[in-house]
Amino acid sequence: MKIIEVELIRFQYRSKMVRDAEGHSHPGPEHDATATITRIATDEGVEGYAMGGSPAMLDTVRQVLIGEDPLYRERIWQRLRQFQRMLGPSLDDRHLSAIDLALWDLAGKVAGLPVFKLLGGYRDKVPAYASTMCGDDIPGGLDSPESYADFAQACVEQGYKAFKLHTWMAPLGPDPKRDVAACAAVRERVGPEIDLMLDCHHDYSRTEALYIGRALEELGYHWFEEPMNESSMSSYIWLSEQLDIPVVGPETARGLFYTRAEWIVNKASDISRYDVALGGLTPLMKCIHLAEAHGVALEVHGGGHGNLHALGAMGIPGEYYERGLLHPLYDFEAAQPWLASRVDDIDEDGNVTIPQAPGLSWDFDWEFIDRNRI
Ligand code: MG
C-alpha cells in the first residue's frame, strides 16, 4: 500500500467561542470560524483523517509521505520530526500530530480495529472531569468564587465525579487569594466525595504557588496544575519538594517526550502530562510508557478522538479524560457541527466510553462539511 495524496479539507462553521489576548477561550458572539481536516489517501482506497493541518506544512509532508507505506508510522514520524529543526512554525508539533493521527486512523481501518485495540486495549470507559474555561467578568459566567460553585454543582448533577477549575488569567488575574476562594467555594458546595483540581494563572511566583498549593492540601484537592512558567523546571522541583498534593506537568513545555523525561528524572512534578497535540499519538504512547517505567502516573491533557483512544490503551493512570472546556453560558455539546456524533458523550456516572469504530472512530457529517467547504 502506498500513500498517493495528502490533502486539506477546509470548511466554515458558526462558532460562539472567542479567544482573549492570551489565547484563552470564552463564550462570545456568534461568528464565522474555519476548521481543517487532514486527509491521507492511498492507492488501495483506504483513507485516514485527522482534525488540523496547515497549507504551510504541505510541501514537506508530501515530500515525505507520497509513495511511502502508510503503516510505516514510526519512520514517517522520525523523518518529519527531523525536518522540524529547520522548518520551525511551518511544521510545528500540531502539524506533526495531524499527520500522525491520520496515519493511525488509516491503520485502524486497514486492521478493522479501533486504534485503542490496535495499541493493546486496557479499558472500555474512562471517568471524565468537567474542565472549565478560564475565569471572566461575564455576568452569569465564571465571574466569582460563587459562580464556580454554582457551575460545579451543575456539573455534578449532570454526572461528573470530578471538576477542574481554570481560574482568572491576565488581565483579570493573577490573584492567589481569589483563586483559593474559588477553590474553597467549590469544595464547600460539592462536598468531600468529588475529585477537584486547579489549573491556575501559569505565571505565579514560587511563593505564590506554594501558598495556593498548601491551601489546596487543606481543601483536599486531587492535583495542582501549572501554577508557574514551565520554562523554569527548577521552580517546579522547588515546589514539588514542599507540597504533598500531586503537582501535574509539564503541559505546554516544548520538547515533546524528551522534556517529560527530564522532568521525571529531576522530580519536577509528581504526575506527568502529555497529549496528542504534541506530535501525535506515536509520541503520546512513548511518553505514557516512559512514565510507566518510572512508576509515574500521566494525566492526558485535553479531549478528542486521539486522546480517548490513548486512554483506552493505558495500563497506568491516566485516571481521567479532560472534558471541555466548559462554561455555564456555552453549549459544549453543540460545538462541533461537522461531526454527526460527539466522541465523548458522558453517561450518568460521568464516564466516557472508548469508541469502538475502526481507526480513530470519526463520525464526520460530510453533508455539512461539503456544504461549507472553502
Ligand atoms: Mg492545563
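This is a predicted model: local features need pLDDT of at least 70, side-chain atom pairs count only at pLDDT 80 or more; totals for chains, interfaces and linings use all residues.
1. Glu 225 belongs to strand β7 (residues 223–225), while Glu 251 sits in the loop between β8 (247–248) and α9 (256–265), so the pair ties together parts that are 26 residues apart in sequence. Helices (H or I, at least four residues) and strands (E, at least two) are DSSP runs, numbered from the N terminus.

2. Are Glu 225 and Glu 251 buried or exposed? Glu 225 is buried, at a relative accessible area of 0%, and Glu 251 also counts as buried, at 10%. Here buried means under 20% relative accessible area, exposed over 50%, and partly exposed in between (1.4 Å probe, protein chains only).

3. Residues are numbered from 1 along each chain as its sequence is written. Local features need pLDDT of at least 70, side-chain atom pairs count only at pLDDT 80 or more, and totals for chains, interfaces and linings use all residues, while side-chain values use heavy atoms, with hydrogens and water left out.

4. As a whole, the protein contains twelve helices and twelve strands. Its radius of gyration is 21 Å, close to the 21 Å given by the globule rule for 374 residues, so the protein is as compact as a globular protein of that length. The radius is taken over C-alpha atoms, and the rule is 2.2 Å times the number of residues to the power 0.38.

5. Of the 374 residues in the protein, 54% are buried. Among contacts (heavy atoms within 4.5 Å) between residues at least 6 apart in sequence, 69% join residues at least 24 apart.

6. Ser 240 is part of helix α8 (residues 233–242) and counts as buried at 8% relative accessibility. Leaving aside residues up to four places away in sequence, Ser 240 touches Val 247, Lys 267, Ala 268, Ser 269 and Asp 270.

7. Ser 341 is located in the loop between β11 (321–326) and β12 (351–353), and is partly exposed, with a relative accessible area of 33%. The C-alpha atoms of Ser 341 and Asp 363 are separated by 6.1 Å, although these residues are 22 apart along the chain.
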